[in-house]
Each structure stands twice: as C-alpha cells, then as structure tokens.
Amino acid sequence: MSSFVYFFKQSLQGFARNLSTTLGSIITIFLSLFIIGVFLVGALVVDNIVKSVENEVSITAYIADDARQSDIDATEEYIQGLEGVSSVTFTTKEEALENFRNMSSNAAIVDELGGNPLPASINVELSDPQLVQQVANEIESSELFAKIADEENPADSLKYGQRTVERLFSVTNYIRYVGLALIILLVFISLVFINNTIRLAIMARRKEIAIMRLVGASNGFIRGPFLMEGALHAVIGALLAAGCIELLRQFALPRLQQSLAFLPISIDGSTFLLIYLVLLVAGLIIGLIGSAFAMRRYLKV
Amino acid sequence: MTEATSQGAQQLRQAAANQSMRSAPDLSTALPALEVDDIPQQGTPVISFDRVSKVYPAQPNRPALENISLQIYPGEFVFLVGHSGSGKSTLVRLIIRELRPSSGTITIANEDLGSMRNWRVPYLRRNIGCVFQDFKLLPNKTVYENVAFALEVIGKKRNVIRTQVPEVLRLVGLQDKLDKLPDQLSGGEAQRVSIARAIVNRPPLLVCDEPTGNLDPQTSRGIMDLLERINRTGTTVLVATHDREMVDNMRRRVIALERGHLTRDQQRGVYGFDV
C-alpha cells in the first residue's frame, strides 16, 4: 500500500517534470476517446434510425376479389409459419377503402369512384427485417398464394420495396464497418502516443532507473510509477472526453432532435453512462498497455 | 554467511550508536577492532569463481576474462589490480550479474548466478553494495535523499529510513552536509555519499570499481580508510583499482589480472606492476 502511494507521488512528479509531453499525451487520448465516444453515440443514433426504418419494412400480398375464404385462411396460416415472420393481418376490400379514405387528402375522390377498385390484402410484419427477401420468395413460390393472388404472376401481387430495402441494408452495414475501423485506428493512435510519452519520461529518468536497479529495486517497483503515469494520462483523458460528450448531450442533442423531429434519436441516460464507462475502461487499458510496451526494453536485467 | 551478515550489521549499528556524540576523526578508534590480519580463509566463500570466462561478442578472439578461479571469504579485504582493459570491471559486473559469464560458474553467498532467475537479481543486489568511479549520484537529490533513495526503492519503511540514513552519513563523516546537492560537494565527499548509499542497507559484501579513480592521493587515502573501517565491521570488501600507492601501503590480499588472466593472488601483496 505504501508503495502504491509512492508510485502515485512519483507519477505526479513525472507530470510536473514533462508537462508538455504529458499534456500532449492527455490531449491525444482525450481527442481519441472523445471521437470514439461521439462515434459510439452516433452509431447508436444511426442504429435507432435504421431500426425504425427497418421496422417499416413489411410485405403486402394483394388478393384477387374472387379468392375463396378457405384458401385465404390457409395461406395466412402458411405465412405465419415462415421463419422471420412476426405477425400476419388480413385487410378486407372495405378496410382498404377506409384506409385510403383516411390517408388521402381528398376524401371526396373515393366517393367519386363507383365501386371499390382496391383489392383485399394480407400484411406480413417481420421479426427480422433482413429476412424480407427470403420471406417474399417463399410466399411467391407457394402454390397456396398462387391460387388467390390478385395478378396472373404471383410475384406482381407482392409489394415490399425490393430495391430500396436492399440499398438501405447495404448502407447501414457500410456505416457500421467504417465506424469500427475508425475506432480501431483511434485506439492505435492513442497507444502510440502513450507509448511515446512514457518512453520520453523513461529517457529523462534513465540514470535514476540505472541506480534503482543497482541498489536492488525490483522490476515491479521500477515499473510502478510509469504504469501509474500512463494510467493517469488515460483516466484524465477519458474523464475529459466523457465530460465533453455529456455537454454535447445536454446542449447539442436536443437541438438536433428538434430540427430532425421525424427521426427518433433519443437515447436514454443509462446508455450514456455505459458509454462513459466504456471510454474509461478503454482509456485505462490503452494507458497501461502503452506504458508497459515502452517499459519493456529498459527493464532487462 | 547469514551469521556474518547479522554480525556485521550488529557491529555497524553498535558503532554508529557509539559515534553519535563523536566527530568523524574518532571513528576508527571507536570501532571494535577485529584483528584483520588474522581473517581465516574458511567457511563458505562470499564470492567463488570456478573457471569463469567472459567473451564479449564484439571481440570473439580476445576474451575479457579467461579461466578465472578464485574464492573470497567473509570478512576479507581484497584488492583487484591490473591495467586498464585487464578485465577488472568485467569481473565486478559479473559479480552483480550485470553480465553473465560465457562459461564457468559464479557463486555468491551459496547462490549460483548462472541458474538464478531474473526476478531474483534485485534481491542479490540488495546484498551487494556497489561503489563506482563516477559516483552515480542523482544530481537533483540532496545527499540525504540520495542515500534514502536506496532504501526507498527496496521498500523500507519511512521510520527505518529516517534513523538509518543520518546514522550512515555520520559514519562516513558527512553529517553536516545532509542538505547539499551533489554538485556542491568535492569529489571525495561525493564518493563518501556513494559509499554511504552502498552500505546503508548493511550488505555483507561491498564491491568498489575504481573508487579513487577520480580523486587526489590525499582524498583517496581518506576513502581507503573508510573502506577499511567498513571492512573491520565484518563486511567483505573487494576493491578494483590501479592505485599503486594505496595497494602498496595497505598490504592486503591482492589479486592481479593481466589481459583477462589471473596472474597473481597473494596475501599482503603489493601492486606489483611496472608502470
């Protein structure tokens, strides 16, 4: 315990001795962690948006007017049994007309129409939106659906925004990969910086370390202050980053939400706490690994 | 070995206690007089070299040390003499395991340095005090802090440090210079500080590599007196030197090296090289 206090004192001395490099390393870690944090938040926001968009993805199967009720029931049951399907609802011709009347700005149009041109439909909600293509294919190729389909070709009776969905998924996946790559790069940069700072600190105290080894200080004792110093840089950097993200959350996020009201970007506080924790732990690991690497070659007996 | 340690340590403590009211010049008279001429060469050797050779990779054809065998027993005072490049420093660095021999075995206090694990080395060095020609003091620490540093880094308690450091500085006659920085000291004083640092942990073995190499003859004599006093408390002392006058005056055991070979090992020897 007493040596812990000693390490702490020594690392504070190290701060004072190389103030500029210490600040450099703290700022690097701070910026890296800050960007990582902003990225995490951004990723969460994008994820939220993507999820809500993805949830909009559903399949509508239009049904011919002369389809028999028993066939419709059988088809519904079949679709319900498919993988990736969460719920199936049936919309009658009348309901479809009603929906149209409600949605359309000019309800009078509906009355102008003589009969009811809208077909009945089965709406399929998906539990995993990524499976939309697969589910659609299966419905399309089933004989049950072919019997009741509105059009000659069953594929034409299915509507699920094929191209749009594909593009959406490729874009969101792309965003995720780029974010991950950037985070890895930033971690690497902070590692290099901590490594460098600690190496400078060691160079400045080489003579001291030589004497420590001469009088029989154990390697752990020599290493302690430097590891502590690296960890302290990292913790300070992490706290700064967390503070800045908190500020952004308090002031920038509500405005963003206001101007982008149609997108759901609200994230709850516990998620932010988790992000801060992740930043702190990541910083600590970066600091310890960076300084341990820098120490290695100076501790050969 | 352990007996010698505790005995030496006890005597040191005793001596220091006796000294507290006296000034430096009285020191040698106050120390318990051990009949140094009659140190029996028996018991377990503190240092034992068995056919040790050291070849540096840079000079594969010219071994720095070749086939050296020697024993140094507890309580001895030994001079290691030879010209520059004869292998004195290599031998000293082998003892503190800064280097490993190319062949042969070195045993320090019953422990084989060849098979010693790396993490044990710091504990070996706690039992060997080292003094070098260039003092190796930290320039930004005071005399007191320099000596205290040696205890701090091996994890001694603060109250131990606070009693032991002034004691040992009194022993080397620097009780008035505790707060001086190394560059405010003369060469002799700086070397005394480094000796104080070497013995503050009361090691059973003190190894000095050219301790008087930078000092004038007068000051050198003072340093040698100090080393002799330390030896009288039971500490084994090995001094590598090329200070002819010193060796000839003191007439202690002399081990001579010449181009990496052990050429002479005599009791009450002289420097013996023609310069």
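This is a predicted model: local features need pLDDT of at least 70, side-chain atom pairs count only at pLDDT 80 or more; totals for chains, interfaces and linings use all residues.
**Ground rules.** I number residues from 1 along each chain as its sequence is written, and chains are lettered from A in the order in which they are written. For local features I need pLDDT of at least 70, and side-chain atom pairs count only at pLDDT 80 or more, while totals for chains, interfaces and linings use all residues.

**Chain B overall.** Of its 275 residues, 46% count as buried (20 or more other C-beta atoms within 10 Å of the residue's own, with C-beta atoms placed from the backbone).

**H5 and H7.** Next I checked a helix pair. The axes of H5(B), residues 143-152, and H7(B), residues 187-199, come within 8 Å and cross at roughly 25° (axes are lines fitted to C-alpha atoms over the stretch in contact, and angles run from 0 to 180 degrees between N-to-C directions). So H5(B) is roughly parallel to H7(B) (angles under 35 degrees). From H5(B), Val143(B), Asn146(B), Val147(B) and Ala150(B) make the contact, meeting Val193(B), Ala196(B) and Arg197(B) of H7(B) (C-beta atoms, placed from the backbone, within 7 Å).

**Contact with chain A.** Finally I looked at the two chains together: 14 residues of chain B and 13 residues of chain A take part. Helix H4 of chain B (residues 121-125) gives the largest share of the chain B side, four residues.

Key
Helices (H or I, at least four residues) and strands (E, at least two) are DSSP runs, numbered from the N terminus. A residue is buried if 20 or more other C-beta atoms lie within 10 Å of its own, exposed if 12 or fewer, and partly exposed in between; C-beta atoms are placed from the backbone. Angles under 35 degrees count as roughly parallel, over 145 as roughly antiparallel, 65 to 115 as roughly perpendicular and the rest as oblique.
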